[in-house]
Amino acid sequence: MEKKIILLADDDIDDTEMFCEALEDINENIVCHCAVNGNQVFEILNSINEKPELIFLDLNMPIMNGWDCLKLLKKDSNYQDIPVIMISTSSHKKDMEAAAGLGSICYFVKPNNFNDLKEVLRIITSNLGPDLKEAIVNLLNKSKHIFTCSD
C-alpha cells in the first residue's frame, strides 16, 4: 500500500506524541513528519521528495507561529495547494474565522481524549485527496472538535 505523508507542526511534545501514536494506530502507511515551528515546516518541505497530502499547523509556536506559516504556505506556489488544518486548544470564534480567511480547510480543537483524536484523524486520513473537504464538512456535524471550513 502506498505511503501517505502528513506534516504536523506543534511545539507541544505531549500533543505531538499523542497525535503520532493515534496516526500509527489508525494506519501504518501514514508517514508523519513533525516540526516544532513554522520555520521547520519549510525546512521539512524543502527536504522531502514528495509533498505532504495534508499539513496540521498549531496556532501558537515559537519562532514562526501557525498564522505566519499558513500565510507563507498559501503565498508559495510550491505549497499553496496542500490542504492545511489549523489546530489549537483555543476554541475562540475569531481564531476559527481567521484560519478560514487565511485559507485553512478547517480548524481542529485538540481533544484531550485519545479516542476522540483517533476518530477524527481516522476520518480525515481515510479521505485524503479530493474527498477530504467533503469528509470534513460531514465531520462538522458529528465532532465537537472540528469547526469552520473555508470554501
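This is a predicted model: local features need pLDDT of at least 70, side-chain atom pairs count only at pLDDT 80 or more; totals for chains, interfaces and linings use all residues.
## Gly-101 and the ground rules

With a relative accessibility of 67%, Gly-101 counts as exposed (that label needs over 50% relative accessible area, while buried means under 20% and partly exposed is in between, using a 1.4 Å probe and protein chains only). Gly-101 sits in helix α4, which covers residues 93–101.

Residues are numbered from 1 along each chain as its sequence is written, and side-chain values use heavy atoms, with hydrogens and water left out.

## Salt bridges

How many salt bridges are there? The count comes to nine, taking a salt bridge as a side-chain nitrogen of Lys or Arg within 4 Å of a carboxyl oxygen of Asp or Glu. One of them pairs the side chains of Lys-110 and Asp-15, at 2.8 Å from N to O. Lys-110 is in the loop between β5 (106–109) and α5 (114–125) and Asp-15 is in helix α1, so this pair ties together parts that lie 95 residues apart in sequence. As for cover, Lys-110 is buried at 15% relative accessible area, and Asp-15 is partly exposed at 23%.

Next up is Lys-51, whose side chain meets that of Asp-81 in a salt bridge of 3.3 Å, N to O. This pair also links distant parts of the chain: Lys-51 belongs to the loop between α2 (38–47) and β3 (54–58), Asp-81 to the loop between α3 (66–75) and β4 (84–88), and they are 30 residues apart. Lys-51 has a relative accessible area of 42% and is partly exposed, whereas Asp-81 is exposed at 52%.

Then there's a bridge between Lys-94 and Asp-95, at 3.5 Å from N to O. Here Lys-94 counts as exposed at 59% relative accessibility, but Asp-95 is buried at 13%. Shared partners also make a network: salt bridges join Asp-10, Asp-15, Asp-58 and Lys-110 into one.

## Aromatic pairs

Searching the whole structure turns up two aromatic pairs. Phe-19 is in helix α1 and Phe-56 in strand β3, so the pair ties together parts that are 37 residues apart in sequence.

Phe-42 sits in helix α2 and Tyr-79 in the loop between α3 and β4, a link between distant parts of the chain that are 37 residues apart. Phe-42 counts as buried at 15%, and so does Tyr-79 at 8%.

## Two isoleucines in loops

Which residue has a positive phi although it is not a glycine? Look at Ile-63, with a phi of about 65°. Ile-63 is in the loop between β3 and α3, and it is exposed, with a relative accessible area of 72%.

Ile-48 is found in the loop between α2 and β3, where it is buried at 19% relative accessible area. C-alpha to C-alpha, Ile-48 and His-33 are 9.5 Å apart in space and 15 residues apart in sequence.

Key: Helices (H or I, at least four residues) and strands (E, at least two) are DSSP runs, numbered from the N terminus. Rings of Phe, Tyr and Trp (its six-membered ring) pair if their centres lie within 6.5 Å; planes under 30 degrees apart count as stacked, over 60 as edge-to-face and the rest as tilted.
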